[in-house]
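Morning, everyone. Please bring up the model.

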Amino acid sequence: MSKNSEPIKGKAFVLGKNIDTDQIIPAAHLVYSLEDPEERKLYGKYALSGVPASESGLPQGNTRLTKDGETQSEFSIIVASDNFGCGSSREHAPACLEIAGIKAIISPSYARIFYRNSVDGGFLIPFESLEDLSKDIHTGDELEIDQVHHTLKNHTQNKEYKIKPLGSVADIVHAGGIFEYARQNGMVPAR
Amino acid sequence: MGMTLTEKILAKHSGKDRVSPGDNVWVDVDVLMTHDVCGPPAIGIFHKQFGEDAKVWDKNKLVIIPDHYIFTADKYANRNVDVLRAFAAEQDLPYFYDVGTDSYKGVCHVALPEEGFTRPGEVLFGTDSHTCTAGAFGQFATGIGNTDAAFIMGTGKLWVKVPETMRFVFEGTSLPPYLMAKDIILQIIGDIGVDGATYRTMEFTGPGIKALTMEDRMTLTNMAIEAGGKNGVVEPDEITEAYVKSRTDKPFEKVYSDPDAKYHSEHFYNFEDMVPMVAKPHSPDNKATAEELEGEYLDRAYIGSCTGGKLSDFRAAAEIIRGNKVKLDTYIVPATTEIARALETETMFGIPLIEIFREAGCKIGNASCAACLGGPSDTFGRLNNEEVCISSTNRNYPGRMGSKQSQVYLASPYTVAASAVTGVITDPRVFIQQTVI
């Protein structure tokens, strides 16, 4: 995750609303180790594999986040409609997206456990947009998130949007997660 | 101005006189629960962050209940239970309910109250979104991820943003004979949407609450997460107290909302006006009445899970299934081993419940989460193809019970049982009225 305020650049992968954690990482795949360096790559392979084909990579659909046989995605930023990450508390959801290469998500709203896991685990940054951009932005568009001026630039379409500042979780995001934040504040002993 | 029950619990556990919605506070944790899916990664993070020789903050406050992928040949799933077993031994944990032993329980959210861990006024976190179930006991309970769980294991604390509270007021002195708590919560989720309570508390109150048993209340709070809620909560009363005292000797302090507490919103429901409800594929808020869907095609019926696999759920199903043969593949999965034993001993017209289900042609599974969340491909009852299932579980997004080509209707055990008997979606009032006559 980008722990500083540098711009986040990359290709968009666009999804609809209520993308729940079973679509992000189907339950059958929750068995792999997140620690083993080889086994954890399977999470990249299966990230977003539960999304129905027609809804995966909008507007056309039928696009997988990671190509068959690969564990890394060519896409870096997810753009989704409302209530991204609803459903279960599985931290494997933000983890699998990070393992696939996702750096940030842009959505008007998130389910709270997914949002919290993304921030506390330091996996990726869940940015809130002012409006639903999932119809405007197309999968494959080149995006750039400016964390200083709170804007999202779509270089492919030559458009710019405002996004919300991170608010009360900014300190944890910029620390890189809850443990780093707690160490900086003396709540957990330094290593 | 007063505080809500949730605000009071969070204030007390963060050492403050009062808190307000939006405040970020660090709370002391009374109970941390984890299971076989999220326990192993949480344990990995705990050791990485606090050291290989680190000990948990309080071994009497950590509860480990394997329940998700238990009866499977999946080597990774079985390896994960081994990870829990090794950690429980290393940390000398008194509350580990190991697979294959007499202490094995099954579904964590039903096992927690059975084992006395759901005490009014306390703070409980669990690595599972349905941890909100425990709010039925007047406890602050919510789901968290692996990192947060590892943080609690090492420190006994966690930060919480104080939620606003939505108040759901129930009018009525008893549930109509055809209505179950599942119908009430499906109606509410259908009304406010799957993000209708995001970041908020859902407090269930009003005179109607007295008509609800602990198991009914657990069904309501269990599905608070299906509306995006942070927690669901019911004020404790004599029903709560009787249940908790029958399960634990530990003291607890009952907490109530102040009369002048400030709420985000108030929503009124009268039991008498409510009817059997169904959530259609593929969202828990895709509501319809059972009557509107009468005759819709089904392949399978499933009764189980933390929300729909309690003893009262099986009693309800047995009322309708008794004396009939099921026309669908019908799966019965008790949430816990205690409930499984009760199915053998509880009778209806002299016949054990388990016999009623067997004679009707139902398939009986072992206590666990089973197919509620799909799981490994050999999971009991899993939807592996394009099956259309009516289920007493709590979630029906694409692929929730297995294949993303499958479809899941959510409904009360009455409605699931009635549909199992006829083979199509059926309003249970048809059967309930026959029973009365």
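Which residue just after H6(B) takes a positive phi? B:Gly193 does, at about 90°.

Some ground rules. This is a predicted model, where local features need pLDDT of at least 70, side-chain atom pairs count only at pLDDT 80 or more, and totals for chains, interfaces and linings use all residues. Residues are numbered from 1 along each chain as its sequence is written, and chains are lettered from A and ligands numbered from 1 in the order in which they are written.

Now the helix. H6 of chain B covers residues 181-192, twelve residues. Helices here are DSSP runs of H or I, at least four residues, numbered from the N terminus. From first C-alpha to last, H6(B) reaches 17 Å, close to the expected 16 Å. That expected span is 1.5 Å times one less than the number of residues.

Eleven of the twelve residues in H6(B) are buried, meaning 20 or more other C-beta atoms, placed from the backbone, lie within 10 Å of the residue's own. Among them are B:Lys182 and B:Asp183.

Next, the domains. Chain B has domain 1 (5-250 + 262-269) and domain 2 (278-436); the bounds come from an automatic or database domain assignment. Their centres, over C-alpha atoms, are 24 Å apart. In contact are 36 residues of domain 1 of chain B and 37 of domain 2 of chain B, with contact meaning C-beta atoms, placed from the backbone, within 7 Å. H6(B) gives the most to the domain 1 side that touches domain 2, with six residues.

Note on methods
Helix = DSSP H or I, 4+ residues; strand = E, 2+ residues; numbered from the N terminus. Contact = placed C-beta atoms within 7 Å.
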